[in-house]
Amino acid sequence: MAEIFVVVEHRKGEVRDITFEMLFKAGELCEEFSHSLTAILMGGKNGAFINDIAKRADRVISFEDERLENFNADLYKEILNRLIEEHRPFLTFIGHTSWGMDLAPCLAIKTGYPLATDCVNIMVENGRPMVMRQIYSGKVFSKVSFKESQGYLITVRTGAFLPEERAEHRGDVIDKEIPTDLPEPHKQFLEFVDTGAGEVDITQSELLVSIGRGIGEKENIEVVKELTNLMGGVISCSRPVVDKNWLPKYHQVGTSGRSVRPKVYLALGISGAFQHVAGITGAGTVIAVNKDKKAPIFRVADYGVVEDLFKFVDALKEKLGSG
Ligand SMILES: Cc1cc2nc3c(=O)[nH]c(=O)nc-3n(C[C@H](O)[C@H](O)[C@H](O)COP(=O)(O)OP(=O)(O)OC[C@H]3O[C@@H](n4cnc5c(N)ncnc54)[C@H](O)[C@@H]3O)c2cc1C
């Protein structure tokens, strides 16, 4: 029976959704091929999330040490390398996040295992892993195989899988000491720097109000912001809005932006180009407002409103008590 490793990602006492997304996909593969699923947790054992992880894995291997309180790619690399040597996992999943982009390449060098990055699907065919990646900024999917190896490393795109539980497990938590002879890390955690009051993480919001070129002018964004605040959501956008410098890049949804998974996605003046729509495949209910009834966004919308977006926004604001 082969093993699949999932490296848990957590920050400031909270587990990141990418962890559950990876556990979901790894769980699916484990069920299909009778593999076993091991979550690797470094630091953060006292976080409230440990039970949620144990429920989704066959075991959690936990390293607790004050040096692991914050992510450090050097330490993670050393510890994971030794664990991989010991267990020889078939696959190791790491989030394609700022953590993973730091950790995975150096782990690949250290272990000698091949690495595929930013994968949106992972399959196993004839005993060998295959992954799907997007190339040419999402225009084409490529199916990638690996050179033969004992184990394989994969970084997983955020939002590519659901963060849901499959069969409930009761994974044991196994405490491990970190090796005593770890080399001094080259990098040191100094502090978290807040990147500004306006910064938002659109991947974490349950309600996104998204604007497209149909907004017309930068000044018009204000009315949508008012609506978004009334609804308790977060504003996101299509690429032209970012290209015109109307909103910062971290608001952009789509293949060259972020993949999002809100419960409700309200698209205002967005045509529905595939590069945009690829970023909302995990959204719950999609509501589109567009004055062109032939706009492709209506093909993926659960509810469509053929209307001028400003009329729609005003009407909704009035309904919500701020007319
Ligand atoms: C390599 C590459 C990567 C890309 N990556 C991304 C990406 O990550 N995300 C992304 O979004 N795009 C991306 N794009 C761009 C993408 O192809 C589209 O050009 C873009 O999504 C269109 O944005 P839009 O829908 O806001 O604008 P448009 O296509 O111009 O659509 C505007 C819509 O607003 C409607 N409208 C206008 N006025 C009003 C009004 N008053 N009320 C109601 N409706 C109105 C119009 O009918 C129209 O449907 C990428 C393109 C390339 C080539």
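## A buried leucine

L268 is buried, with a relative accessible area of 0%; buried here means under 20% relative accessible area, with exposed over 50% and partly exposed in between (1.4 Å probe, protein chains only). This is a predicted model, where local features need pLDDT of at least 70 and side-chain atom pairs count only at pLDDT 80 or more, while totals for chains, interfaces and linings use all residues. Residues are numbered from 1 along each chain as its sequence is written, and side-chain values use heavy atoms, leaving out hydrogens and water.

You'll find L268 in strand β14 (residues 264-268). Leaving aside residues up to four places away in sequence, L268 touches V209, S210, I211, G212, V224, V289, L309, F312 and V313, where contact means heavy atoms within 4.5 Å. S205 sits 63 residues from L268 along the chain, and their C-alpha atoms are separated by 17 Å.

## The whole chain

Nine helices and 16 strands make up the secondary structure; these are DSSP runs numbered from the N terminus, helices being H or I with at least four residues and strands E with at least two. The radius of gyration is 22 Å, close to the 20 Å that the globule rule gives for 323 residues, so the protein is as compact as a globular protein of that length. That radius is taken over C-alpha atoms, and the rule is 2.2 Å times the number of residues to the power 0.38.

Of the 323 residues, 49% count as buried. As for contacts between residues at least 6 apart in sequence, 64% join residues at least 24 apart.

## Aromatic pairs

There are six aromatic pairs in the structure. Rings of Phe, Tyr and Trp (its six-membered ring) pair if their centres lie within 6.5 Å, with planes under 30 degrees apart called stacked, over 60 edge-to-face and the rest tilted.

F90 and Y152 are both buried.

## Charges over rings

The charged end of K12 sits over the ring of F192, 4.9 Å from its centre. R56 lies over the face of F20, 4.2 Å from the ring centre. To count, NZ of Lys or CZ of Arg must be within 6 Å of the ring centre and within 35 degrees of the ring normal.
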